[in-house]
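Here's a quick tour of the fold, the core and a few side chains to look at on screen. Have the viewer open and follow along.

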Amino acid sequence: MRASRILGASAGAVALVGASFVAATPAAAASCTAKALETVVIRSTTSTGGTALAQLNTGQSASASCTMYYGATAYEKCGIVSKRWVKVTRSGVTGYVVGTCVTIEQD
């Protein structure tokens with residue numbers, strides 16, 4: 001019974017979604033905007049192997065989740081190795097972009 005209380009308490013902080021970890025932040029309910037520092041591919045999953053759905057060109061913005069997503073494997077993009085991804089929606093397409101090549105601002 002004690003183990004279930006410990007697991008229950010931590011489940012609100014981090015959830016497993018497919019092969020991705022989602023780290024909730026206090027701003028998770030807020031609206032955010034992602035701006036591309038370099039051209040990035042919007043993918044179907046939090047993986048560089050995910051299907052390419054669209055792209056976000058340098059300087060373009062998209063609505064974004066204020067929650068960070070973490071893929072199972074690391075990638076290197078924009079000179080940084082990371083597992084961080086950002087969920088974005090642009091022109092009706094929703095997917096994930098590498099988190100190292102975008103800035104996130106809360107609206």
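The protein chain has one helix and nine strands, where helices (H or I, at least four residues) and strands (E, at least two) are DSSP runs numbered from the N terminus. Keep in mind that this is a predicted model: local features need pLDDT of at least 70, side-chain atom pairs count only at pLDDT 80 or more, and totals for chains, interfaces and linings use all residues. Residues are numbered from 1 along each chain as its sequence is written, and side-chain values use heavy atoms, with hydrogens and water left out.

**Overall fold**

- Reading from the N terminus, the elements go α-β-β-β-β-β-β-β-β-β.
- The protein chain has 107 residues, and 30% of them count as buried; that label means under 20% relative accessible area, with exposed being over 50% and partly exposed in between (1.4 Å probe, protein chains only).
- Among contacts (heavy atoms within 4.5 Å) with a separation of 6 or more, 55% come from residues 24 or more positions apart.

**The nonpolar core**

- In soluble globular proteins, nonpolar side chains tend to be buried together.
- A nonpolar core here is a set of buried Ala, Val, Leu, Ile, Met, Phe, Trp, Tyr and Cys residues joined through side-chain atoms within 4.5 Å.
- The largest such core has 20 residues, and Val-40, Val-86, Val-88 and Val-97 touch the most other members.
- At least two core residues come from each of β3 (32-36), β4 (40-43), β6 (61-77), β7 (80-90) and β8 (93-98).
- β6 gives the largest share, with six residues.
- Skipping residues up to four places away in sequence, Val-88 touches Ala-34, Ile-42, Ala-62, Ser-63, Ala-64, Val-93, Thr-94, Gly-95 and Val-97.

**Aromatic pairs**

- Rings of Phe, Tyr and Trp (its six-membered ring) pair if their centres lie within 6.5 Å; planes under 30 degrees apart count as stacked, over 60 as edge-to-face and the rest as tilted.
- That rule picks out two aromatic pairs.
- Tyr-69 and Tyr-96 make an edge-to-face pair, 5.4 Å centre to centre with 75° between the planes.
- This pair links distant parts of the chain, since Tyr-69 sits in strand β6 and Tyr-96 in strand β8, 27 residues apart.
- Tyr-69 counts as buried at 12% relative accessibility, and Tyr-96 counts as buried at 14%.
- Tyr-75 and Trp-85 have ring centres 5.2 Å apart and planes at 65°, so this pair is edge-to-face.
- Tyr-75 is in strand β6 and Trp-85 in strand β7, ten residues apart, and both are buried.

**Charged side chains**

- How many salt bridges does the structure hold? There is one, going by a side-chain nitrogen of Lys or Arg within 4 Å of a carboxyl oxygen of Asp or Glu.
- Glu-38 pairs with Lys-77 in that bridge, with the closest N and O atoms 3.9 Å apart.
- Glu-38 lies in the loop between β3 and β4 and Lys-77 in strand β6, so the pair ties together parts 39 residues apart in sequence.
- Glu-38 is partly exposed at 35% relative accessibility, and Lys-77 is partly exposed at 28%.
- Arg-43, found in strand β4, is buried yet has no salt bridge, and the nearest side chain of opposite charge, Glu-38, is 12 Å away. For charge, Lys and Arg count as positive and Asp and Glu as negative; His and the chain ends are not counted.
- The Arg-43 side chain reaches the backbone oxygen of Gly-50 at 2.8 Å.
- Beyond its neighbours within four places in sequence, Arg-43 is in contact with residues including Thr-48, Leu-53, Trp-85 and Tyr-96.

How values were computed. A polar contact is a pair of N or O atoms within 3.5 Å; within protein, one must be able to donate a hydrogen and the other to accept it, and residues adjacent in sequence count only if both atoms are side-chain atoms.
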